[in-house]
Amino acid sequence: MPSHRYRPVHERVELPLTSRTWPDRRIERAPLWVPVDLRDGNQALAEPMDTARKRRMFDLLVAMGFKEIEVGYPSASQTDFDFVRHLATRDDLPGDLTISVFTPARADLIERTFESIEGLPRVLVHLYTATAPTWREVVLGRERTELYGMIRTAAEQVARLADARPGPPVRFEFSPEVFNLTEPDFVLEVCNGLTALWDASPDRPVVHNLPATVEVATPNVYADQIEYMDRHLTRRDAVILSVHPHNDRGTGIACAELAVLAGAQRVEGCLFGNGERTGNVDLATLALNLHAQGVDPMIDFSDIDEIRRTVEHCNRIPVHIRHPYVGDLVYTAFSGTHQDAIKKGMAHHTAQAAELGVPEGEAPWAVPYLPIDPADVGRTYEAVIRVNSQSGKGGIAYLLQVGYGLELPRRLQQEFAQVVQRATDGSGQEMTGKELWSLFSATYLAPCDDGPITLADWYVTEPRPGEHEFEGVLRTPDGAEKKVSGQGNGPVSALTRALGTIGVEVDIRNFTQHATTPGPQSAAVAYVDCLVNGTPVWGAGQDTSVLTASIRAVLSAVNRAS
Ligand code: KIV
Ligand code: ZN
């Protein structure tokens, strides 16, 4: 690989911060969030959003609770211009929502941007210019001083047009594009100059947005750059320090989080990380990372799948199945050891909620392998455990318990897991809860009726307390029918005695039964572990009658042994 062609970040930009404090800080509240899906994300789509899609995305962002939304680049396309005009004519915009529009530092485009926002009550105009050396030299062909002059001229025009507007004051944002490769002293010269020019105050703060337009370094470097700016920006209480990480190195999330530790108060990004190349930082992951640390993200993700559907529709890009918090598989365990731990964790969670006297959705969460409760984002527990050849008894037992109310005894779990393993190894496929139930029924319940020995016209009486008599007709493999009877201290032992009369010796080693649902109408299931003519075998029976379920379980074991 020709790695020698690339230079480390330290050779590309000065990093003056020495004694950093961000590593010792914590994030204790959510930053201001600004979704840029309708501008930066939209600019990166093969098919940019049409008006209907823009509206759907906008309505989603409002419903989720965002208070500032960058809605477009109105001087760049008629669709964006028309969309801003459409918003200006809507009378249902939330009173606390700020609409942000994006413009380059060019007189005609600034003019057009202001035309688009006419009539909008709360607006922020976002001015940007690339400032990094390569962009200055290769793209813009301007020296630092010349570029700064151009930015100031644009900022003055923005201020003039804003002053001329009736209504509440327009707010301003400046982005030195490719901040992360720009000389820190130049960023400070430009940003501090604009803070003064726009006469920013704590009541009308300016936003200085410092983008990692193309990620070039480990996140600690970006954090150092942000902390340096945090310390050196003038009129600091009149500045909102914003970050805008992209994800070229796959560390956009880390960059944003460390930048917040380093003093950033606002984060721009896109839902599920849409955006140019590898995308903008994902606001959903950032917000839910906070949630998972006990910090309210102030954005509603309680129906994440609906959010995903809308975003996929608008962007026409699917969200990956492994995408944090939202992917189809992110709350799913296939591995046997993980499933065991989750099953125990869920049972513990239910018990703990009961002990605390709070609903399960309010109880502290400590289920292994699940960083958050899937229910917080509107997921059910159905997908949490899925069974394939990597799975074990815990997961299988969990699905049968959740879906069918079965409480398999531990040793039966072990035996059935092997049955499942043979099936999944053979097919190479996953098994759903329904398929597991069919396999369990075919293996343990059906042999009662399908096997060589069947039972007809049976009944059990209890002539004296603790003394049971079984009578019935057994049909044997040779087709003969034989009336049998037996006595025992319970119905099952009475049946085994009756079976003994036709030469089937049954020694019950373990017997359990339970109802499959609460309430008197519930079906009962019985499990029996026995030696049939010396062969160890399990049987199971199901019926609305507890007695019938247990008789069927014994007969199933007898037939499975033959
Ligand atoms: O990535 C970027 O630098 C941007 C800005 C111009 C804000 O999108
Ligand atoms: Zn960007």
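A donor is an N, O or S atom within 2.8 Å of the metal; water is not among the atoms, so a site may look incomplete. The exercises below apply to a predicted model.

**Exercise 1.** Determine which residues coordinate the zinc ion (ligand 2) and how they are spaced in sequence.

*Solution.*
Step 1. The zinc ion (ligand 2) is coordinated by D40 through OD, and by H244 and H246 through NE2.
Step 2. These contacts span 2.0 to 2.1 Å, which means that they fall within the 2.8 Å cut-off.
Step 3. Along the chain, the donor residues follow the pattern D-x203-H-x1-H.
Step 4. D40 belongs to helix α2, whereas H246 sits in the loop between β7 (239–245) and α10 (252–261); the pair is 206 residues apart and links distant parts of the chain.

**Exercise 2.** Classify D40 and H246 as buried or exposed.

*Solution.*
Step 1. Buried means under 20% relative accessible area.
Step 2. D40 has 7% relative accessibility and therefore counts as buried.
Step 3. H246 has a relative accessible area of 4%, so H246 is buried.

**Exercise 3.** Describe the surroundings of ligand 1 and its polar contacts.

*Solution.*
Step 1. The residues around ligand 1 include R39, D40, H126, E177, T213, H244 and H246.
Step 2. By class, this shell has three nonpolar, six polar and three charged residues.
Step 3. Polar side-chain atoms lie at these distances from an oxygen atom of ligand 1: T213 at 2.6 Å, D40 at 3.0 Å and H244 at 3.1 Å.
Step 4. Of the 260 Å² of accessible area that ligand 1 has on its own, the protein covers 96%.
Step 5. Two or more shell residues come from each of α2 (37–43), β4 (123–130), β5 (171–177) and β6 (206–212).

Terms used: Residues numbered from 1 in each chain as written. Chains lettered and ligands numbered in written order. Predicted model: local features only at pLDDT ≥ 70, side-chain atom pairs only at ≥ 80, totals over all residues. Heavy atoms only, no water. Near = heavy atom within 4 Å. Polar contact = N/O pair within 3.5 Å; in protein donor to acceptor, adjacent residues only side chain to side chain. Areas by Shrake-Rupley, 256 points an atom, 1.4 Å probe, with all protein chains shown as cover. Helix = DSSP H or I, 4+ residues; strand = E, 2+ residues; numbered from the N terminus. Nonpolar A, V, L, I, M, F, W, Y, C, P; charged D, E, K, R; others polar. Donors = N, O, S within 2.8 Å, 3.2 Å for Na, K, Ca; no water. Buried < 20%, exposed > 50% of the residue type's maximum accessible area, 1.4 Å probe, protein only.
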